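The sequence and the structure are shown first.

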Amino acid sequence: MSDLIDISVTIGEDLPIWPGSPGFRLEALERMDEGDEANVSQLTCDVHTGTHIDAPRHFVDDGKTVDQIPLDALVGLVLVARVPDEIDTITAEVLNDLGIPNETDRLLLHTQNSTLWSRYPASFQQDYVALSPDAARWVVDHGIRCLGVDYLSVQHYDDGPETHQILLEGSVVIIEGLNLSSVPAGWWELCCLPVKLEEAEAALARAALRPLTV
């Protein structure tokens, strides 16, 4: 039995999407039950659908694209930090209070957002937990190369792009749309591999955690 914990969300018709997104569509092009030789499907969605990574190009015009980011930022030792449920904005003070060790270079923030996936609403939730710009600066200043959050954006829905800009200009690879509902706080092994899309600012990804072996 595998000890991997899948922290990706399932991409399907009921998955919440960012307002204005074209959504998700999986269309059958060939069907064996209709006499075709094989089953072949076509996927239509934007690259920020479900669990995905943001490369610097998302908000930095000359930043690295998905095919240029170092994969080692997304694979290796990671700290899952549990943010108290009463927190709706993660500030630099909140991050300080979490007691994140100085050696942390990959960080996943488990918030009350993860309960949204267990309820799996069909509609987008605007009041999710997200980071403030000063929290983004804290992440960059502490040398964190990879930051993961458990809803569809690292910044609040009504905020400007500053949080994203600070992180991406600081070469932080962002993972958005994680489901951490079954993951206790602590150290884990992370593997998050985005689809290698040429010149793209983001890409769908599959992410998993493995317990550390003693």
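This is a predicted model: local features need pLDDT of at least 70, side-chain atom pairs count only at pLDDT 80 or more; totals for chains, interfaces and linings use all residues.

**Surface patches**
- A patch of negative charge on the surface is formed by E30, E34, D36 and E37.
- Within this group, D36 sits in the loop that links β2 (25–30) and β3 (40–44).
- The relative accessible area of D36 is 31%, so this residue counts as partly exposed; patch members need over 30%.
- A nonpolar patch on the surface consists of L71, V75 and L193, which together have about 240 Å² of accessible area.
- L193 belongs to strand β11 (residues 186–194).
- With a relative accessible area of 43%, L193 is partly exposed.

**Nonpolar core**
- The largest nonpolar core contains 27 residues.
- The residues with the most contacts inside this core are I90, L109, L131, V139 and L147.
- At least two residues of this core come from each of β5 (75–82), α1 (92–97), β7 (106–110), α3 (133–141), β9 (146–149) and α4 (162–169).
- α3 supplies four residues, the largest share of this core.

**A buried loop residue**
- L178 lies in the loop between β10 (173–176) and β11.
- L178 has a relative accessible area of 0% and is therefore buried, a term that applies under 20%.
- L178 and T51 are 127 residues apart along the chain, and their C-alpha atoms are separated by 5.7 Å.

Technical notes:
Residues are numbered from 1 along each chain as its sequence is written. Side-chain values use heavy atoms; hydrogens and water are left out. Patches are made of residues with over 30% relative accessible area and no salt bridge: like charges are joined within 9 Å, nonpolar side chains (Val, Leu, Ile, Met, Phe, Trp, Tyr) within 5 Å. Accessible areas come from the Shrake-Rupley method with a 1.4 Å probe; for residues, only the protein chains shown count as cover. A salt bridge is a side-chain nitrogen of Lys or Arg within 4 Å of a carboxyl oxygen of Asp or Glu. Lys and Arg count as positive and Asp and Glu as negative; His and the chain ends are not counted. The place of a charge is taken as NZ of Lys, CZ of Arg, CG of Asp or CD of Glu. Buried means under 20% relative accessible area, exposed over 50%, partly exposed in between (1.4 Å probe, protein chains only). A nonpolar core is a set of buried Ala, Val, Leu, Ile, Met, Phe, Trp, Tyr and Cys residues joined through side-chain atoms within 4.5 Å.
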